[in-house]
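Reader: Please take one part of this structure and look at it closely. I would like a helix packing, with its setting.

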Amino acid sequence: MTATSAPAARGEVRSASRGSAAGAPRRRRRLPFSPWHLVLIPATVVLLFPFAWLLVTSLETPAEALRFPPVLTPHVLRFANYSDALASAPFVRFFINSAIVAVATVVCNLVLCSLAGYAFARFRFFGRTALFAVLMATLMVPFQVTMIPQFIITKWLGVHVLAGVGINHIGALILPNAATAFGIFFLRQFFRTLPIEYEESARVDGASRLTVLIRIVLPLATPALATLAALTFLDSWNNFLWPLIAITSTDQMTLPLGLATFQGAHATEWTLLMAANVMSLVPMLAIFFLAQRYFVRSVAATGLAGT
Amino acid sequence: MADLAVRRPRRSGAVRRVVASDHFTGWAFVTPGVVIILLFGAVPIVWSAVMSFQRNNLLSPSTPFVGLANYRQMARDPVVAQAIQHTLVYTALFVPGAMIVGLFLAVAMNRQIRFISVYRTAAFATMAISTISEAIVFIWLFDPSYGVVNYFLSRVGVPQQQFLNSPSEALFVIAAMTIWGWTGFAVVIYLAALQAIPQTLLEAAAIDGAGPWRTFRRITLPLLSPASLFLAVWLTINALQLFDEVYLSTQGGPLNATTVLVYYLYNQAFQQFNFGYASAIAYFLFLVIIVITAIQFRVGRRFTHYRS
């Protein structure tokens with residue numbers, strides 16, 4: 001592909017020789033469009049086809065869905081699949097639960113990780129280095145190692161301390177993720193890049209540490225806070241394994257777990273399943289369409305890509 | 001700021017000194033977050049290490065120490081051997097697959113041509129879909145009886161395939177669905193890295209007579225190597241922890257063909273309730289991740305060029 005595109009993009013030298021071969025001396029016939037379209041159009045079709053097929057199936061009648069060869073364009077759009085799906089499982093409830101868990105997790109993380117990250121970045125206090133080392137060590141450990149004790153601890157908390165954070169309550173999905181070692185590390189690194197002079201002069205003027213953090217540091221750290229919020233939200237929204245372990249009753253389920261359970265119960269009712277899937281996808285897709293132009297820029301800004 | 005100083009409450013000297021000291025405020029700031037991380041992160045690490053040396057299941061209330069018995073059982077367990085093999089095969093399919101797709105699309109999309117935002121949006125859209133939604137769509141696409149993929153294959157003369165019902169094909173279908181699901185992520189990482197490459201370098205290469213392919217091989221690819229290393233490590237860590245798609249599409253079947261380590265671990269822990277044995281498997285998984293990541297960094301360092 002690169003070979004064909006280059007003359008079109010770059011140049012006179014080669015186009016002369018090629019052009020004469022085609023019988024049009026000194027001027028090569030260019031494609032009226034960039035040849036990269038010939039790659040990108042099929043790629044886009046492949047990337048979007050699962051979405052399209054999901055939508056098509058969600059609007060077919062059950063009989064049409066179970067036909068081979070498949071009906072590529074349904075004759076009638078059956079929107080009743082959506083109401084049928086809503087009637088057979090509480091998807092609105094799942095959605096609300098997911099939203100509560102994600103928003104609460106994000107807010108807790110922003111508050112707790114800002115406080116801790118700022119202390120680790122700027123204060124000298126007894127045990128700081130050791131404590132930070134312990135936090136960093138937990139970063140490396142995969143969730144599968146901690147999930148069994150986490151399950152036992154959560155169960156114990158629910159029985160002996162507060163039912164709302166125990167097994168089978170959405171609180172159990174919030175509390176263990178309310179602060180993360182990654183969030184603390186990420187914000188600490190960012191806080192250390194800020195010029196310390198503002199903070200020092202505010203301290204000299206008599207502002208407390210908390211005032212300095214809220215009034216001076218956090219406003220300067222908005223990009224980092226936004227990145228952390230977005231990553232935390234996505235993690236929470238898509239989390240499956242922990243909810244699968246911690247939640248069993250339907251009214252406490254989040255969307256991924258609710259959808260998986262629904263699939264288990266209605267494995268062959270493809271039209272309902274796809275309608276439910278579309279409904280669970282739309283909010284996230286909408287957010288992505290709105291936010292997508294910031295992606296590449298923010299990845300470049302965080303240096304995640306390393307160059 | 002001056003008004004803040006005036007409004008500060010007056011406390012006795014000693015108390016004020018303690019409260020204002022960095023030792024006190026430091027601990028006050030870190031305690032809420034640290035308690036949560038210690039309780040749900042650090043304590044469980046030690047606890048599951050201890051559990052991996054115990055017989056711990058729901059059948060008996062006591063949890064006696066059994067030494068290395070769980071680890072020895074793991075060495076003898078044929079399903080563990082299969083799970084390791086499937087995990088590694090899957091990782092070897094998924095990581096290069098996702099990286100090549102991501103690199104190819106990012107290079108194609110790194111230009112200002114018409115409809116480019118449509119193309120990019122199509123790639124990014126795969127990031128919006130959760131593993132569960134993705135798995136459900138792909139189970140339907142690859143359905144052996146009514147799936148549209150079998151229909152397309154039949155149009156080009158390929159006979160009906162069993163896909164997720166076939167022990168020899170299921171893992172490939174799972175690799176395909178996860179590669180699709182990670183396309184957006186890989187494209188974003190590579191696109192960001194491509195846009196950080198200074199145009200002057202590429203122009204200089206062109207002036208020196210390097211063709212597009214040579215420029216790509218000798219200039220672009222080396223400058224992308226930090227992004228490639230990051231992606232390789234990140235995708236590998238995720239691949240070794242594959243669970244959601246397997247749970248939803250095959251439950252480890254058919255005939256254990258898609259039983260990967262985390263699925264078997266989940267099965268042992270929360271379906272058989274062998275907490276001790278599952279903890280040993282979890283620690284083994286941890287070891288595998290550490291070793292593979294270390295190798296990647298070691299090997300990667302040789303091929304990675306940092307510009308600054």
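Author: What follows is a close look at one helix pair in chain B, then its surroundings. The model is predicted.

Start with the pair. Helix 4 of chain B covers residues 69-76, and helix 15 of chain B covers residues 275-303. Their axes lie 9 Å apart. The packing angle is about 70°. Angles of 65 to 115 degrees count as roughly perpendicular, so helix 4 of chain B is roughly perpendicular to helix 15 of chain B.

Now the residues. Helix 4 of chain B contributes B:Asn70, B:Tyr71, B:Gln73 and B:Met74 to the contact. Helix 15 of chain B answers with B:Gly276, B:Tyr277, B:Ala280, B:Ile281 and B:Phe284. By class, this contact has 6 nonpolar and 3 polar residues. Charged residues are absent from it.

Next, the setting within the chain. Chain B is divided into domain 1, residues 10-51, and domain 2, residues 69-303. The C-alpha centres of these two domains of chain B are 39 Å apart.

Chain B also touches chain A. That contact takes 90 residues from chain B and 86 residues from chain A. On the chain A side, helix 16 (residues 270-302) gives the largest share, with 15 residues. The chain A side holds 63 nonpolar, 18 polar and 5 charged residues.

Last, the partner itself. Chain A has 16 helices and 0 strands. Of its 307 residues, 39% count as buried. Among contacts in chain A with a separation of 6 or more, 66% join residues 24 or more positions apart.

How values were computed
Residues are numbered from 1 along each chain as its sequence is written. Chains are lettered from A and ligands numbered from 1 in the order in which they are written. This is a predicted model: local features need pLDDT of at least 70, side-chain atom pairs count only at pLDDT 80 or more; totals for chains, interfaces and linings use all residues. Domain bounds come from an automatic or database domain assignment. Two residues are in contact if their C-beta atoms, placed from the backbone, lie within 7 Å. Helices (H or I, at least four residues) and strands (E, at least two) are DSSP runs, numbered from the N terminus. Ala, Val, Leu, Ile, Met, Phe, Trp, Tyr, Cys and Pro count as nonpolar, Asp, Glu, Lys and Arg as charged, and the others, Gly among them, as polar. Axes are lines fitted to C-alpha atoms, for helices over the stretch in contact, and angles run from 0 to 180 degrees between N-to-C directions. Angles under 35 degrees count as roughly parallel, over 145 as roughly antiparallel, 65 to 115 as roughly perpendicular and the rest as oblique. A residue is buried if 20 or more other C-beta atoms lie within 10 Å of its own, exposed if 12 or fewer, and partly exposed in between; C-beta atoms are placed from the backbone.
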